[in-house]
Amino acid sequence: MRLRRNPQAIELLTSHPLSVTDYAARQGNWKELFANPHPIYVELGTGKGQFLAKASTIYPEINWIGVEKIQEPLLLAARKGEETGNTNVRYLWMDIANLQEAFSPGEVDRFYLHFSDPWPKARHYKRRLTYRDFLKAYETLLSPSGDLILKTDSESLYQFSVEELQETGWDIVEQSDDLHQSEWAKTNITTEYEEKFSALGMPIYYLRAVPKHTEL
Ligand SMILES: C[S@@+](CC[C@H](N)C(=O)[O-])C[C@H]1O[C@@H](n2cnc3c(N)ncnc32)[C@H](O)[C@@H]1O
């Protein structure tokens, strides 16, 4: 559901203790912000933040960052994160196109793409977040043992993603066209969109991929 515009959202987000709006100032020093050397996992297109609130509670030894370009859902996400009381989660207001200005090469240990916009029209393929230019940026920013996790309800985005990953030299190390019936269901943390699609009886496509240079 589209959120109503909140004219105060930018101001509220800028002053929220868990939000980061000056992303360029954080490049290369995220671990200092968290004040620990723990791995950094980044959810791209975090929406209202259900996944991050749960993940940061279940895995306190990970530093979690949600990236979102629209301020209203990100504000809700930051408030949800604040309610958990967790100190290992931050909310980054930014377009994913600027990822390389917010992180240094090797600074991220995992990227999550959860229910990204499928951009179904053929002429919009470069906007899909698994288009090769995006994959190149993720690869640059990932640590030597880093990986990428994708979940989607869209078969066409899934197939496009598999092809782009294979053609740009990634290894797909886990894969399912029905995540909730697979061996990875037990450890899966559901997102808001995932629960919606799943309730409609739709299967969830899943993959985990590593750049070829990665130490498995
Ligand atoms: C379909 S929602 C999924 C939300 C959440 N990940 C989930 O699974 O419930 C996709 C989200 O990605 C955000 N998004 C799309 N393109 C983006 C971009 N280029 N930069 C940052 N956020 C983006 C949208 O604003 C939206 O909130």
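Helices (H or I, at least four residues) and strands (E, at least two) are DSSP runs, numbered from the N terminus. With that in hand, here are some notes for a first visit.

1. **Before you start.** This is a predicted model, in which local features need pLDDT of at least 70 and side-chain atom pairs count only at pLDDT 80 or more, while totals for chains, interfaces and linings use all residues. Residues are numbered from 1 along each chain as its sequence is written, and side-chain values use heavy atoms, with hydrogens and water left out.

2. **The sheet.** Two strands pair if DSSP finds at least two bridges between them. As background, strands of a sheet pair through backbone hydrogen bonds, either parallel or antiparallel.

3. **Two parallel pairs.** Strand β5 (residues 108-114) runs parallel to strand β6 (residues 142-152), and six bridges join them. Within this pair, histidine 114 has lysine 151 of β6 as its bridge partner. The pairing of β2 with β3 is also in the parallel sense, over five bridges. There, isoleucine 40 stands opposite asparagine 63 in β3.

4. **Strand β2.** How many residues of β2 are buried? Five of its five residues are, where buried means under 20% relative accessible area, exposed means over 50%, and partly exposed is in between (1.4 Å probe, protein chains only). Ile40, Val42 and Leu44 point one way from the strand, and Tyr41 and Glu43 point the other way.

5. **Helix α3.** The buried residues of helix α3 (residues 50-58) are Gln50, Phe51, Leu52, Ala53, Ala55 and Ser56. They pack against β2, β3 (63-68), α4 (71-84), β4 (89-93), β5 and α8 (192-199); contact here means heavy atoms within 4.5 Å.

6. **Valine 89.** This residue sits in strand β4 and counts as buried because its relative accessibility is 0%. Leaving aside neighbours within four places in sequence, valine 89 is in contact with Leu18, Phe34, Leu52, Ser56 and Trp64. Proline 60 is 29 residues away from valine 89 along the chain, and their C-alpha atoms are separated by 9.1 Å.

7. **Lysine 151.** Beyond neighbours within four places in sequence, the contacts of lysine 151 include Leu113, Phe115, Leu179, Thr190 and Tyr206.

8. **Two residues with positive phi.** Look next at the loop between β5 and α6, where you will find phenylalanine 115 and tryptophan 119. Phenylalanine 115 has a positive phi of about 60° although it is not a glycine, and it is buried at 9% relative accessibility. Tryptophan 119, also not a glycine, has a positive phi of about 40°; with a relative accessible area of 29%, tryptophan 119 is partly exposed.

9. **The ligand.** Which of the 16 residues around the ligand come nearest? They are Gly45, Glu68, Ile96, Thr191 and Tyr193, and a residue is near a molecule if one of its heavy atoms lies within 4 Å of it. A backbone N or O atom of glycine 45 lies 2.8 Å from a ligand nitrogen atom. A polar side-chain atom of glutamate 68 is 2.6 Å from an oxygen atom of the ligand, and a polar backbone atom of glutamate 192 is 3.4 Å from a ligand oxygen atom. The protein covers 89% of the 600 Å² of accessible area that the ligand has on its own, with areas from the Shrake-Rupley method and a 1.4 Å probe; for residues, only the protein chains shown count as cover.

Notes. Polar contact = N/O pair within 3.5 Å; in protein donor to acceptor, adjacent residues only side chain to side chain.
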